[in-house]
Each structure stands twice: as structure tokens, then as C-alpha cells.
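Welcome, and please open the structure in your viewer. We will go from the whole chain to single residues, with something to select at each stop.

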Amino acid sequence: MIPFAFGLFALAYSGLVLFTVASSLRRLMPPMRAALGAFALSVLVHGATTLMLGEEAPLALYFWGIPHLLILPLLLLSARRQSNSTGA
């Protein structure tokens, strides 16, 4: 039960981070570019943090990497819909 809860937390955290950062970047750039920028920024920050963990790095990589990759298609779909509706 605990691994399921950790996985659910990681998925929720990834969605919150990616959609919030993309929403903030959306004010500065088109939706698709904002979505990709949010993903790149998250990978940069979480990747650097993960590398600092030493032996625990692979576990941390799975904890944020897999949920981020699962959320990415939803983020891109949302950005495409926003681009189509705004004409940007």
C-alpha cells in the first residue's frame, strides 16, 4: 500500500509542477513552447538535485522521472488545445 501511495504522490507532484510552471510560462510564450519549457526546466532542476543524492540517485530518478514522462503527453495535449483555441 505504501509504494502505491508514493507513486500516487509522485504523479500528483509531477502534474502540479509541470502544469503550474507551464501556466506561468504561458504568459511569456506560446502554449506549446511553454509546455516544453516547463518540462525542460523541471528536468534541469530535478536532474541536478537527483545527481546530488549519490547512491540514492536511481531511486530519486524513478520517483520523479517516470511520473514526469507520464504527465508529459497530457501537458502537450493541453498545450495543443490551447494553441488551437487561441490561434497562437
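What follows is a walk through a predicted model, one selection at a time.

**The whole chain**

Start with the chain in cartoon view. There are 3 helices and 0 strands, and along the sequence they follow the pattern α-α-α. Turn the model around: the C-alpha trace spans about 45 × 30 × 15 Å along its principal axes. The chain has 88 residues, and 31% of them are buried.

**Stop 1: the core**

Select Leu 18, Ala 22, Leu 25, Ala 34, Ala 35, Ala 38, Phe 39, Ile 71, Leu 72, Leu 75 and Ala 79. Together these 11 residues form the largest nonpolar core. Which elements give two or more residues to this core? They are helix H1 (2-25), helix H2 (31-51) and helix H3 (57-86), so colouring each of them separately is a handy way to follow the rest of the tour.

Apart from its neighbours within four places in sequence, Ile 71 is in contact with Leu 11, Ser 14, Gly 15, Leu 18 and Phe 19.

**Stop 2**

Next, select Ser 42, which lies in helix H2. Is Ser 42 buried or exposed? Its relative accessible area is 5%, so Ser 42 counts as buried, the cut-off being under 20%. Setting aside residues up to four places away in sequence, Ser 42 touches Val 17, Leu 18, Gly 47 and His 68.

With a relative accessible area of 7%, Thr 50 is buried. Which side chain makes a polar contact with that of Thr 50? Select Trp 64 to find the partner, at 2.7 Å. Beyond the neighbours within four places in sequence, the contacts of Thr 50 are Ala 57, Ala 60, Leu 61 and Trp 64.

**Stop 3: a nonpolar patch on the surface**

Bring the surface back and select Ile 2, Phe 6, Phe 9, Tyr 13 and Phe 63. These residues form a nonpolar patch on the surface, with about 510 Å² of accessible area together. Which helix gives the most to this patch? That is H1, with 4 residues.

Tyr 13 is one of the patch residues, and its place is in helix H1. Its relative accessibility is 32%, so Tyr 13 counts as partly exposed.

**Stop 4**

For the last stop, use the distance tool between C-alpha atoms.

- Leu 8 and Pro 67: these residues are 59 apart along the chain, and their C-alpha atoms are separated by 8.9 Å. Leu 8 lies in helix H1 and is partly exposed, with a relative accessible area of 48%.
- Gly 65 and Ala 10: the pair is 55 residues apart in sequence and 9.3 Å apart in space. Gly 65 sits in helix H3 and is buried, at 13% relative accessible area.
- Ser 78 and Pro 31: here 47 residues separate the two in sequence, and the distance in space is 8.4 Å. Ser 78 belongs to helix H3 and is partly exposed, with a relative accessible area of 25%.
- Arg 26 and Gly 37: these are 11 residues apart along the chain, with 9.7 Å between their C-alpha atoms. Arg 26 is in the loop between H1 and H2 and is partly exposed, at 28% relative accessible area.

To finish, show the core again and look for the three helices that each give two or more residues to it: H1, H2 and H3.

Definitions and conventions. Residues numbered from 1 in each chain as written. Predicted model: local features only at pLDDT ≥ 70, side-chain atom pairs only at ≥ 80, totals over all residues. Heavy atoms only, no water. Core = buried A, V, L, I, M, F, W, Y, C linked by side-chain atoms within 4.5 Å. Buried < 20%, exposed > 50% of the residue type's maximum accessible area, 1.4 Å probe, protein only. Contact = heavy atoms within 4.5 Å. Patch = residues over 30% accessible without salt bridge, like charges linked within 9 Å, V, L, I, M, F, W, Y side chains within 5 Å. Areas by Shrake-Rupley, 256 points an atom, 1.4 Å probe, with all protein chains shown as cover. Salt bridge = Lys/Arg side-chain N within 4 Å of Asp/Glu carboxyl O. Polar contact = N/O pair within 3.5 Å; in protein donor to acceptor, adjacent residues only side chain to side chain.
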